[in-house]
Amino acid sequence: MVSLRFRSLVRRAEGSRVKIKLDTSGLGQSRWHEYLIRFAFGSVVTVLAGLAARRYGPEIGGLFLAFPAIFPATATLIEKHERQKKERAGKRGTERGREAAGVDAAGAAMGSIGLMAFALVVWLRLPASRMSMVLIGATLAWFVTSVSVWQVRETLWRRVRITRLNGSTRPPHNAVHPGRSTK
């Protein structure tokens, strides 16, 4: 089981503190029709979840409702905005746009795993417990699961980076070493 330590959440591996801030500058980057697209995606997914719930029951409908409804629209808009930002600077922005959308997708996946933990706690505990306690427990399960998945991802990614760095500084096993004979 992954342990959750608060200190690891507020410190980076290098020892510098993480600064949490609210950046609203992104709100001005989107046009009104882009917000309309996001709203439409969310509405369609919600209606489809309602139809699935009516046909197959609330358990199945709830699974579809947990789908990040605006993610498809958001991912395409993130890619577009990052690409345009690089192109305004005179660079090709295709790669950067795809990377930014990929980071958003990874975050959505981690959050979705947390949503599964939330749903599991509600499904198991709601019939036997008070709703307020179930929602508090489910929210904690979502938070702990999401942060744990993020920590595991960060640990694995850090190992990959270290391996790449160490691998790039080592000479190949058959390289000629200074001071050694090559006879």
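**View 1. Helix H2 and the residue that follows.** The expected span of a helix is 1.5 Å times one less than its number of residues. In this predicted model, helix H2 covers residues 32-56, and its 25 residues reach 36 Å from the first C-alpha to the last, close to the 36 Å expected at 1.5 Å a residue. The buried residues of H2 are Glu 34, Arg 38, Gly 42, Val 45, Ala 49 and Ala 52. An α-helix has 3.6 residues a turn, so residues three or four places apart point the same way. Just after H2 comes Gly 57, whose phi is positive, at about 105°.

**View 2. Helix H5 along its length.** Helix H5 is made up of the 32 residues 94-125, which should span 46 Å at 1.5 Å a residue; because its end C-alpha atoms lie 47 Å apart, the span in the model agrees with that expectation. Buried in H5 are Gly 97, Ala 100, Ala 101, Met 110, Gly 114 and Ala 117.

View 3. Ser 146 is placed in helix H6, which takes in residues 131-169. The relative accessibility of Ser 146 is 13%, and therefore this residue counts as buried, the cut-off being under 20%. Once its neighbours within four places in sequence are left aside, Ser 146 is in contact with Met 110, Gly 111 and Gly 114.

**View 4. Confidence from helix H1 to helix H6.** The pLDDT averages 76 over the protein, and 75% of the residues score at least 70. Confidence is lowest in helix H1 (residues 6-10), with a mean of 45, and highest in helix H6 (residues 131-169), where the value is 89. Over residues 1-14 the pLDDT is below 50, although this stretch has 21 contacts in the model beyond near neighbours in sequence.

**View 5. The protein as a whole.** The secondary structure comes to six helices and zero strands, so that, read from the N terminus on, the elements run α-α-α-α-α-α. Of the 183 residues, 17% count as buried, while the protein exposes about 14,500 Å², of which carbon and sulfur atoms supply 64%. Among the contacts between residues at least 6 apart in sequence, 54% join residues that are at least 24 apart.

Terms used. Residues numbered from 1 in each chain as written. Predicted model: local features only at pLDDT ≥ 70, side-chain atom pairs only at ≥ 80, totals over all residues. Heavy atoms only, no water. Helix = DSSP H or I, 4+ residues; strand = E, 2+ residues; numbered from the N terminus. Buried < 20%, exposed > 50% of the residue type's maximum accessible area, 1.4 Å probe, protein only. pLDDT = per-residue confidence, 0-100. Contact = heavy atoms within 4.5 Å. Areas by Shrake-Rupley, 256 points an atom, 1.4 Å probe, with all protein chains shown as cover.
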